[in-house]
Amino acid sequence: ISGTKLRWTSSSANMSSYGTTLHFENWLFFGSDASASIAQQNVCVFRAFTEKNDRRVFAKAYRECIKKIKAPKRKDIEFYAVPSSRIAKPYTAMTNMINNADSEVLVAIHRLTTGKIYRTLFRDAAYRGVDVKIIFDDDTLRSSKVNGGHAHDVGRHDVLAYRTLRRDAQIYFMQTNAETTTHLFHNKFIVADGKSLFQGAGNFTGTALNVNGSGNYEQFYYITIPAIVKAYKAGWEVLQGRATRQDRHPIYKNKDKQLSSIGH
């Protein structure tokens, strides 16, 4: 297959009218010789799917497929497929990235629900002096406040994550509130120290990152290619410019709801 060119994407978006035109999303487009390791790893994802919807079957088939790849891996881009079994998992890449950050962690996320991420990684990074800045969908804030207004697709675990981080991280909310349109801040990426990027399809949840159980069907990248990291950092800054700092949000001072009264 050497000499054959492959093109593929990695995105936070679903392939829908909302994902391609309405939501806040990010898209990363790749082009490579088909013989390259990163291209073959993506091909293995498609080869691992069978008519049987079984995550264990997928994980085993993917593992066996990537074992056959002879091309050397690049050091500046790593690919992770979920569910995985007995191979490197995306949560490990995220952990190493955040734990090695010295000055700044920029996060753009739709759903953040796993304590191992928001407590062990983000909050601990803030405690050691790293400037942690997070953009959430303001549905998370609206779900957490009395008379918060209409909100979509979040629940008590998202709210708990926000409340855990709101005093230690710089929190911003993208105001997507609408009664009739499911407009979401749907990005899922992290930039650390302007040098590394974690990006992919999944939310920062235990199932998406394969922390718990067999996981969802997802894919993620850890990238240190300067031009790509620079583009994502610039994109995060554009999003920050459109978002609202938490203390300036119109419902920020509303009373907190009891977690037991919040769905999901």
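Predicted model: local features only at pLDDT ≥ 70, side-chain atom pairs only at ≥ 80, totals over all residues.
Asp54 itself is found in the loop between helix 2 and helix 3, the latter covering residues 55-67.

Is Asp54 buried or exposed? Its relative accessible area is 15%, and because buried means under 20%, Asp54 counts as buried.

## The protein as a whole

The protein has eight helices and ten strands. Its radius of gyration is 19 Å, close to the 18 Å that the globule rule gives for 264 residues, so the protein is as compact as a globular protein of that length. Along its principal axes, the C-alpha trace spans about 60 × 40 × 35 Å.

Of the 264 residues in the protein, 53% are buried. When contacts between residues at least 6 apart in sequence are considered, 76% of them join residues that are at least 24 apart.

## Helix 7 and what covers it

Helix 7, which runs over residues 156-165, is mostly covered, since seven of its ten residues are buried. These buried residues are Asp158, Val159, Ala161, Tyr162, Arg163, Thr164 and Leu165. Which elements cover them? The covering includes helix 5 (115-127), strand 5 (131-137), helix 6 (139-144) and strand 6 (170-174).

Ser144, which lies in helix 6, gives a residue-level view of this region. Leaving aside residues up to four places away in sequence, Ser144 touches Val159, Tyr162 and Arg163, and also Lys255, Asp256, Lys257 and Ile262. Ser144 counts as buried, because its relative accessibility is 0%.

Helix 5 is also the place of Gly115, which at 19% relative accessibility counts as buried, because the cut-off for buried is under 20%. Between Gly115 and Ser196 there are 81 residues of separation in sequence, and their C-alpha atoms are 23 Å apart in space.

## The largest pocket

Rolling a probe the size of a water molecule over the atoms shows where empty space is left. The largest pocket has a volume of about 620 Å³, and among the 28 residues that line this pocket, those closest to its centre are Thr9, Val45, Phe46, Ala201 and Gln219.

Which element gives the most to the lining of the largest pocket? Strand 1 does, with six residues, while strand 1 (5-11), helix 2 (37-48), strand 3 (77-82) and strand 9 (218-223) each supply at least two. In terms of residue type, the lining divides into 17 nonpolar, eight polar and three charged residues.

## Backbone details in the loops

The peptide bond from Val82 to Pro83 is cis, with omega near 5°. Pro83 is placed in the loop between strand 3 and helix 4, the helix that covers residues 90-99.

Asn147, in the loop between helix 6 and helix 7, has a positive phi of about 55° although it is not a glycine. Asn147 counts as exposed, because its relative accessibility is 69% and exposed means over 50%. A positive phi is also found at Asp193, a residue other than glycine, where the value is near 55°; Asp193 is in the loop between strand 7 (188-192) and strand 8 (196-200).

How values were computed. Residues numbered from 1 in each chain as written. Heavy atoms only, no water. Buried < 20%, exposed > 50% of the residue type's maximum accessible area, 1.4 Å probe, protein only. Helix = DSSP H or I, 4+ residues; strand = E, 2+ residues; numbered from the N terminus. Contact = heavy atoms within 4.5 Å. 1 Å grid on protein atoms, 1.4 Å probe; cavity = no way out; pocket = protein on both sides within 12 Å on 5 of 7 lines; lining within 4 Å. Points joined across faces, edges and corners; volume = space filled by probe spheres on them. Nonpolar A, V, L, I, M, F, W, Y, C, P; charged D, E, K, R; others polar. Rg over C-alpha atoms; globule rule 2.2 N^0.38 Å.
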